[in-house]
Amino acid sequence: MKNECSIVGDLLALYQDGLVSEDTAAFVEEHLARCAVCRARLEQLRAPAAPQEAAQEERAFLAFAARWKKKRRRALAAFAALALAAALLAACLSSAAAFGTANFVSAGWGLARVALLNEPWTEVASGPKVVLAAPEADITDYMAGRGFAENEQERMGALRVFEKDGAKEYVLCRANRWFARWIWQ
C-alpha cells in the first residue's frame, strides 16, 4: 500500500490536470477510493493557493521593481551628468581654440555682440585680455582710444606692439571672415 501511495502521489498533479491515460486515471481513482491520505493530498492540490503566499510574492516583486527603478534612475542621472560635463568641456575647449578664452558664455556673448549687434569690438576675457571685433575693425583705432600708438619697427607679423608713455603692450591679432580676435601677450 505504501509503495502504491508514493506512485499515486507522483501522479496526482498530472491526474488533476487531466494529463494521464484512461488506464492510469482508473488506477488513481481506484486507489483514491481506498486511501484517505491520498484523497487529502488531492484536496490540497485542488485548493487555491493561499492568499498570504500570493501577497508575499506580490510584495517581493514590488520591492524588486522599486529597487530596479531606483537603480535605473540613478544610472540615468549619472549618464546625464556625464553628458553635461562632456558638453561643457567640449564647449570650453572649442571656445579656447576659437576665441582665446575657455569661458564659452563670455565668448558666445561677445561674438553675438560683434556679429548680431554690430558693435565694433567687445572684451571677452581679462586675463589675458581677449577682445573680439568685427572683421573689418582695426586694432589701431581701439588702441588709439586707450591712448596707445603702434610701434611699427617692433611689429612681428601678427604680433603688434603698442606704446604709451614708455609702457608697451603686445597684441596678437588674428581675423577671419566672421570676427577678429586680439589677444594681449
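The model is predicted. Helix α1 packs against helix α2, and helix α4 packs against helix α5. The structure holds zero disulfides.

**Helices α1 and α2**

- Helix α1 covers residues 2–16 and helix α2 covers residues 22–34. Their axes lie 10 Å apart, at an angle of about 120 degrees.
- The two helices, α1 and α2, are therefore oblique to each other. The crossing of α1 past α2 is left-handed.
- On the α1 side, the contact is made by Glu4, Cys5, Ile7, Val8, Leu11, Leu12 and Tyr15. On the α2 side, the residues are Thr24, Ala25, Phe27, Val28, Glu29, His31, Leu32 and Arg34.
- By residue type, the contact of α1 with α2 consists of 10 nonpolar, two polar and three charged residues.

**Helices α4 and α5**

- Helix α4 runs over residues 51–99, and helix α5 over residues 104–115. They pack at an angle of about 50 degrees, and their axes are 9 Å apart.
- This angle makes α4 oblique to α5. Here too there is a left-handed crossing, with α4 passing α5.
- From α4, the residues in contact are Leu88, Ala91, Cys92, Ser95 and Phe99. They meet Phe104, Ala107 and Leu111 in α5.
- The residues of this contact between α4 and α5 are seven nonpolar and one polar, with no charged residue.

**Cys5 and Cys35**

- A disulfide is a covalent bond between the sulfur atoms of two cysteines.
- For Cys5, the closest cysteine sulfur is that of Cys35, at 3.6 Å. A disulfide needs the two sulfur atoms within 2.5 Å, so the sulfur of Cys5 is too far from that of Cys35 for a bond.
- Seen from Cys35, the closest cysteine sulfur is in Cys5, at 3.6 Å.
- Cys5 is buried because its relative accessible area is 15%, and buried means under 20%. Cys35 is also buried, with a relative accessible area of 8%.
- Cys5 is also one of the α1 residues that meet α2.

**Cys92**

- Cys92 is found in helix α4 and belongs to the α4 residues that meet α5.
- With a relative accessible area of 25%, Cys92 is partly exposed.
- Neighbours within four places in sequence aside, Cys92 is in contact with Thr101, Ala102 and Phe104.
- Gly157 is 65 residues from Cys92 along the chain, and their C-alpha atoms are separated by 28 Å.

- Most residues other than glycine have a negative phi.
- Asn118 lies in the loop between α5 and β1, a strand spanning 121–126.
- Asn118 is exposed, and its relative accessible area is 64%.
- Asp165 counts as exposed because its relative accessibility is 80%, and exposed means over 50%.

How values were computed. Residues are numbered from 1 along each chain as its sequence is written. This is a predicted model: local features need pLDDT of at least 70, side-chain atom pairs count only at pLDDT 80 or more; totals for chains, interfaces and linings use all residues. Side-chain values use heavy atoms; hydrogens and water are left out. Axes are lines fitted to C-alpha atoms, for helices over the stretch in contact, and angles run from 0 to 180 degrees between N-to-C directions. Helices (H or I, at least four residues) and strands (E, at least two) are DSSP runs, numbered from the N terminus. Angles under 35 degrees count as roughly parallel, over 145 as roughly antiparallel, 65 to 115 as roughly perpendicular and the rest as oblique. A crossing is left-handed if the near helix is turned anticlockwise from the far one by less than a right angle, and right-handed if clockwise. Contact means heavy atoms within 4.5 Å. Ala, Val, Leu, Ile, Met, Phe, Trp, Tyr, Cys and Pro count as nonpolar, Asp, Glu, Lys and Arg as charged, and the others, Gly among them, as polar. Buried means under 20% relative accessible area, exposed over 50%, partly exposed in between (1.4 Å probe, protein chains only).
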